[in-house]
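Please go through the model below with the following briefing at hand. It covers confidence, charged pairs, aromatic pairs, packing and surface.

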Amino acid sequence: MRATMSQVGSFNRPIKLLLVNQLTINVGFYMLMPYLAGYLSNNLAMAAWMVGLILGMRNLSQQGMFLIGGSLADRIGYKPMILAGLGLRVAGFAMLGFAQSVPSLLVASALTGLAGALFNPAVRAYLAAEAGERKVEAFALFNVFYQAGILVGPLIGLTLLGVAFRWVCVVAAALFLVLLVLQARALPSRRGAGDEPKQSMLADWRQVVGHRPFLLFSLAMIGSYVLNFQVYLGLPIEVRRVTGGETGVAVLFAVSGVLTVAGQVRLTNKVKARWTPTLAITRGLLLMGASFVPLALAAGLPSASTNRPLSWFEFLLAMAPVLISTVLLTLATMIVYPFEMATIVNLASERTVATYYGFYNTLSGIGIAAGNVLTGLALDTGRSSGFPALPWIALTVTGVVCATAVAALGKRGSLSSKAPDADSEITPAAAPPQHVAANSR
């Protein structure tokens, strides 16, 4: 932690404020959202499909609006979009605590998703612009504060849940309100290069889609989000299968969060000193794929018996493959994330960084949704066919394919090919790759 705090101290005030911003956002979000489904199904006695609809509305509004949120941030500035997003979270979370009808809950859920679509691209673009040549270190710290919020939020929420779910919502909304006031008063205004847009928003989108190296990189990285999301899908399912309870799920999240908070900065510094960014991403993706090998090897182990609880020794033995996979997947994500975020900036036009982030997040969200369906099908097929290793083998292959694709892009010099300026006479699709030293910062 000393290295982490030292690194935080080396950055200027805006970056420190953005780190606090992300920590508080995640504390507020994760103190509420993990318990929302239980509140809807138990307290409000809603059917499972209705609960899924309300929760899905948040994801749909967030993923569907990322591109628009990023484009607006490039046009009107990063700070206004951050403040707008925080304001919507205040309203959305407050509504969740008091709404009783389905239409009201759908509106509240949509507001919380739209909020993320507004501030997420703006925060990342602001961080990248402010960090300059130190983007990798800044995003490493960003991931530390991000994971710290995930660790702390559910604990606060669980405590408040003992009083009432409404208190969880009110306190979460209050946190966002305090953050809104703090950012409004202390965060300097910031925007991308250039004072005025040089082209329409639609032209910006065409430029992003037509920037072939960026598009190929985005497509190659979709699989990494499918793999990373298994912390929320495949791994918890496996934990419940081998232990028969929820305790192991909490252990899984704790291990992932603590490892990131404690080791992200040191690991990033070591990787940055030894590997090029492309090599770091490639090897990180290979490690992501390899993280599912222990689960494939242990897939034949029997499910937990429902007749008696497991002893601590049996619990640890059953959890061992999942914990090994969790550690490897977390380390892989820690390796990839800072260099991935910096690569997006390097590929983007300086004027439209938030638009690039928005488009990238939209593609990732679509990939996660499709990947979850395919992973679920693989889990069901593996069980019914007597080949339970099937989903884990498929996920391993996904990591290898993603790593191969990124390595090929790096070899061609595509990952150092910045988008042409808006007034360039060369169209984005026709612009040749710039074969310069890969990953120069």
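Which side chain meets that of Asp-204 in a salt bridge? The partner is Arg-75, at 2.5 Å from N to O. A salt bridge here is a side-chain nitrogen of Lys or Arg within 4 Å of a carboxyl oxygen of Asp or Glu.

This is a predicted model, in which local features need pLDDT of at least 70, side-chain atom pairs count only at pLDDT 80 or more, and totals for chains, interfaces and linings use all residues. Residues are numbered from 1 along each chain as its sequence is written, and side-chain values use heavy atoms, with hydrogens and water left out.

**Confidence**

- The protein chain has an average pLDDT of 87, pLDDT being the predictor's confidence in each residue, from 0 to 100.
- A score of at least 70 is reached by 92% of the residues.
- Confidence is lowest in helix 3 (residues 33-43), with a mean of 82, and highest in helix 13 (residues 277-290), with 97.
- Helices (H or I, at least four residues) and strands (E, at least two) are DSSP runs, numbered from the N terminus.
- Over residues 423-441 pLDDT stays under 50, and the model has 30 contacts for them beyond four places in sequence; contact means heavy atoms within 4.5 Å.
- Where pLDDT is low, the predicted coordinates should not be read in detail.

**Salt bridges**

- The structure holds four salt bridges, among them the pair of Asp-204 and Arg-75.
- That pair links distant parts of the chain, with Asp-204 in helix 9 (residues 201-210) and Arg-75 in helix 4, 129 residues apart.
- Both Asp-204 and Arg-75 are buried; buried means under 20% relative accessible area, exposed over 50%, and partly exposed in between (1.4 Å probe, protein chains only).
- Another salt bridge joins the side chains of Arg-190 and Glu-130 at 3.0 Å, N to O.
- Here Arg-190 sits in the loop between helix 8 and helix 9 and Glu-130 in helix 6 (residues 102-131), 60 residues apart.
- Arg-190 is partly exposed at 28% relative accessible area, and Glu-130 is partly exposed at 22%.
- Lys-272 forms a salt bridge with Glu-137, with 4.0 Å between the closest N and O atoms.
- This pair links helix 12 (residues 247-274), which holds Lys-272, to helix 7, which holds Glu-137, across 135 residues.
- Lys-272 counts as partly exposed because its relative accessibility is 34%, whereas Glu-137 counts as buried because its relative accessible area is 12%.

**Aromatic pairs**

- The whole structure has 15 aromatic pairs; rings of Phe, Tyr and Trp (its six-membered ring) pair if their centres lie within 6.5 Å, and planes under 30 degrees apart count as stacked, over 60 as edge-to-face and the rest as tilted.
- One of the pairs is Phe-139 with Tyr-337, edge-to-face at 6.4 Å centre to centre and 85° between the planes.
- Phe-139 in helix 7 and Tyr-337 in helix 15 (residues 312-347) are 198 residues apart, so the pair links distant parts of the chain.
- Phe-139 is buried at 0% relative accessibility, and Tyr-337 is buried at 12%.
- Phe-214 and Tyr-356 are also edge-to-face, at 4.7 Å centre to centre and 70° between the planes.
- Phe-214 lies in helix 10 (residues 212-228) and Tyr-356 in helix 16 (residues 353-384), so this pair ties together parts 142 residues apart in sequence.
- Phe-214 and Tyr-356 are both buried.
- One aromatic cluster is formed by Phe-214, Phe-217, Tyr-225, Tyr-356, Phe-359 and Tyr-360.

**Buried contacts**

- Phe-176, in helix 8, is buried with a relative accessible area of 0%.
- Beyond four places in sequence, Phe-176 is in contact with Ile-25, Gly-28, Phe-29, Leu-86, Arg-89, Val-90 and Phe-93.
- The C-alpha atoms of Phe-176 and Val-90 are 5.7 Å apart, and the two residues are 86 apart along the chain.
- Gln-63, in helix 4 (residues 48-76), is buried at 16% relative accessible area.
- Beyond four places in sequence, Gln-63 is in contact with Asn-361, Thr-362 and Gly-365.

**Surface**

- Phe-98, Val-163, Trp-167 and Val-170 make a nonpolar surface patch of about 410 Å².
- Patches are made of residues with over 30% relative accessible area and no salt bridge, like charges being joined within 9 Å and nonpolar side chains (Val, Leu, Ile, Met, Phe, Trp, Tyr) within 5 Å.
- Accessible areas come from the Shrake-Rupley method with a 1.4 Å probe, and for residues only the protein chains shown count as cover.
- Val-163 is in the loop between helix 7 (135-161) and helix 8 (165-186), and is exposed at 58% relative accessible area.
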